[in-house]
Amino acid sequence: MLKPPAPLAKKEIRQLLKRWESPQQLGKHPLGQSWLVQQKRPLSTVEQGLALKGVLNEAIQSLRPSEGEPDPTSRQWRPFLIISQRYCYGRLPAWIMLELSISQRTFYRELDDALLAIGAFVEHALLEAEAVAEESVPTVVTPREKTAVFHVPPLPNHALLGREA
C-alpha cells in the first residue's frame, strides 16, 4: 500500500517554481518520481520535468478567478498575477508590487497564500493519482502468479530425497 504524501510546504513549492525554466532540475525533484508524474509515462528526467511542469501549470491556472484577461486592479487576480509574473516570467518582486500597486507586506502575504493554494492543489492531485494507481495494481500476488511471471515451478510441500536442505 502506498503511503500518503507528506504535506507540501511553501518552501518546497517555491523551490519547484524557481526551477520552472529547467525541466531537467524539475525531473530530479522527488515529485518527478511520484505517481502524479509517472502516470504520464515519461521516459527521461527531462520528460518527468515537463510532466511536473504541466501539473504546476494546472495548479497556477487554478488560481485564476475567471476566464478572460487578468485585471491588475482586482484583488481576486492578485495570487495568479503574483505567481505567474514572479515564477513564470521571472519578474522581480519590486516590479510586481509597482504594477499591482500593493505594498511589500501585501505582496508577500498574497504570495504565501498563493503558494499554499498551489501546494493544496498538488497534494490533492497526488492523492487522486495514487488512488488510481492503487486500484490498478493487484494487492495480493498468489504463488501461481509468481511462477507464471518467473517461469519457475513452485517448491514442493514435501522434502526431496537425496538433497540436503
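Student: Which residues does E110 touch, not counting residues up to four places away in sequence?

Tutor: Happy to start there! This is a predicted model, in which local features need pLDDT of at least 70 and side-chain atom pairs count only at pLDDT 80 or more, while totals for chains, interfaces and linings use all residues. Residues are numbered from 1 along each chain as its sequence is written, and side-chain values use heavy atoms, with hydrogens and water left out. With contact meaning heavy atoms within 4.5 Å, E110 touches R75, R78, P79 and I82.

Student: Is E110 buried or exposed?

Tutor: E110 lies in helix α7 (helices, H or I with at least four residues, and strands, E with at least two, are DSSP runs numbered from the N terminus). Buried means under 20% relative accessible area, exposed means over 50%, and partly exposed is in between, with a 1.4 Å probe and protein chains only. Because E110 has 10% relative accessibility, it counts as buried.

Student: With which residue does E110 meet in a salt bridge?

Tutor: A salt bridge here is a side-chain nitrogen of Lys or Arg within 4 Å of a carboxyl oxygen of Asp or Glu. The side chains in this one meet at 3.8 Å, N to O. The pair links distant parts of the chain, with E110 in helix α7 and its partner in helix α5, 32 residues apart. That partner is buried, with a relative accessible area of 14%, and it is R78.

Student: How enclosed is helix α5, and how many of its eleven residues are buried?

Tutor: The buried residues of α5 include R78, P79, F80 and I82. Helix α5 spans residues 78-88 and is largely enclosed by the rest of the structure, because the number buried is ten.

Student: Which residue forms an aromatic pair with F80?

Tutor: Rings of Phe, Tyr and Trp (its six-membered ring) pair if their centres lie within 6.5 Å; planes under 30 degrees apart count as stacked, over 60 as edge-to-face and the rest as tilted. The structure holds two aromatic pairs. The one with F80 is edge-to-face, at 5.7 Å centre to centre and 70 degrees between the planes. Both members are buried, and the partner is W77.

Student: In the pair of F107 and Y108, how far apart are the ring centres?

Tutor: F107 is buried, with a relative accessible area of 0%, whereas Y108 is partly exposed at 34%. The pair is edge-to-face, with 85 degrees between the planes. Centre to centre, the distance is 4.8 Å.

Student: Which residue lies over the face of F80?

Tutor: A charge sits over a ring if NZ of Lys or CZ of Arg is within 6 Å of the ring centre and within 35 degrees of the ring normal. Elsewhere, R86 lies over the face of Y87, at 5.7 Å from the ring centre. For F80, the distance from the ring centre is 4.9 Å and the residue is R64.

Student: Where is confidence lowest?

Tutor: pLDDT is the predictor's confidence in each residue, from 0 to 100; its mean for the protein is 79, and 76% of the residues reach 70 or more. Confidence is highest in helix α6 (residues 93-100), at 94. Where pLDDT is low, the predicted coordinates should not be read in detail. Confidence is lowest, at a mean of 51, in residues 143-150, helix α8.

Student: How many helices are there in the protein?

Tutor: The elements run α-α-α-α-α-α-α-α from the N terminus on. There are zero strands, and the number of helices is eight.
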